[in-house]
Amino acid sequence: MATYCLIIQLSQDSTIKIGKIGEIEFKKGYYVYVGSALNSIDSRIRRHLSKEKKLFWHIDYLLNSPNSNVKEVILERSPEKWECDVAMEISKKGTSTDRFGCSDCKCSSHLFYFESKKTAEDTCLYSFKKLKLTFQKIEN
């Protein structure tokens, strides 16, 4: 089991159709997506970094945009699922995108907007530390 944050740069304002949610207006800047993987976190991260994939999850639609680029991945591996706890912490400092990435839980969002990469990264790191999670950073 693993919980991860993708730090995504969106190079310009974009309107993107996100699965059944429909079109969403995304501002230029940085987004933190919080996810989890029950099995192989390595293959999940490779999938997120690939532009060639079937669009299935909400995040796939955002990452499929030519304006988006994953800049960094922060992840922790543990037997417990921390995805919603991490998302709750990040929501305190980021601007949420309603209903994004949380159709299988009670959270209001798992995607959060930040104006700068530093603020996005610092917020992720603070969230993992506050929850006393051991994490690693992967630059893309």
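**Reading helices against a sheet**

Trainee: Which strands does helix H3 lie across?

Mentor: Helix H3, residues 83–91, lies across S1, S4 and S7. H3 runs at about 160 degrees to S4. Keep in mind that this is a predicted model.

Trainee: Where does helix H1 lie?

Mentor: Helix H1 (residues 41–49) lies across strand S1 (2–10), S4 and strand S5 (68–77). H1 runs at about 15 degrees to S1.

Trainee: Now the sheet. What is the order of its six strands?

Mentor: The general idea comes before the case. Strands of a sheet pair through backbone hydrogen bonds, either parallel or antiparallel. Here the sheet is open, with the order S6-S7-S4-S1-S5-S8 and antiparallel pairing. Its edge strands are S6 (95–96) and S8 (136–139), and each pairs on one side only.

Trainee: How many bridges join strand S4 and strand S7?

Mentor: Four bridges, in the antiparallel sense, join S4 (residues 29–37) and S7 (residues 111–114). To place yourself in that pair, find Val32, which stands opposite Phe112 in S7.

Trainee: Which residues of H4 are buried?

Mentor: Again, the general idea leads. An α-helix has 3.6 residues a turn, so residues three or four places apart point the same way. In H4, the buried residues are Ala120, Glu121, Thr123, Cys124, Leu125, Ser127 and Phe128. Their cover includes S1, S4, S5, H3, S7 and S8.

Trainee: What span does H4 reach from its first C-alpha to its last?

Mentor: H4 (residues 117–130) has 14 residues and reaches 20 Å, close to the 20 Å expected at 1.5 Å a residue. Lys132 follows H4, and its phi is positive, near 60 degrees.

Notes: Residues are numbered from 1 along each chain as its sequence is written. This is a predicted model: local features need pLDDT of at least 70, side-chain atom pairs count only at pLDDT 80 or more; totals for chains, interfaces and linings use all residues. Side-chain values use heavy atoms; hydrogens and water are left out. Two strands pair if DSSP finds at least two bridges between them. Helices (H or I, at least four residues) and strands (E, at least two) are DSSP runs, numbered from the N terminus. Contact means heavy atoms within 4.5 Å. Axes are lines fitted to C-alpha atoms, for helices over the stretch in contact, and angles run from 0 to 180 degrees between N-to-C directions. The expected span of a helix is 1.5 Å times one less than its number of residues. Buried means under 20% relative accessible area, exposed over 50%, partly exposed in between (1.4 Å probe, protein chains only).
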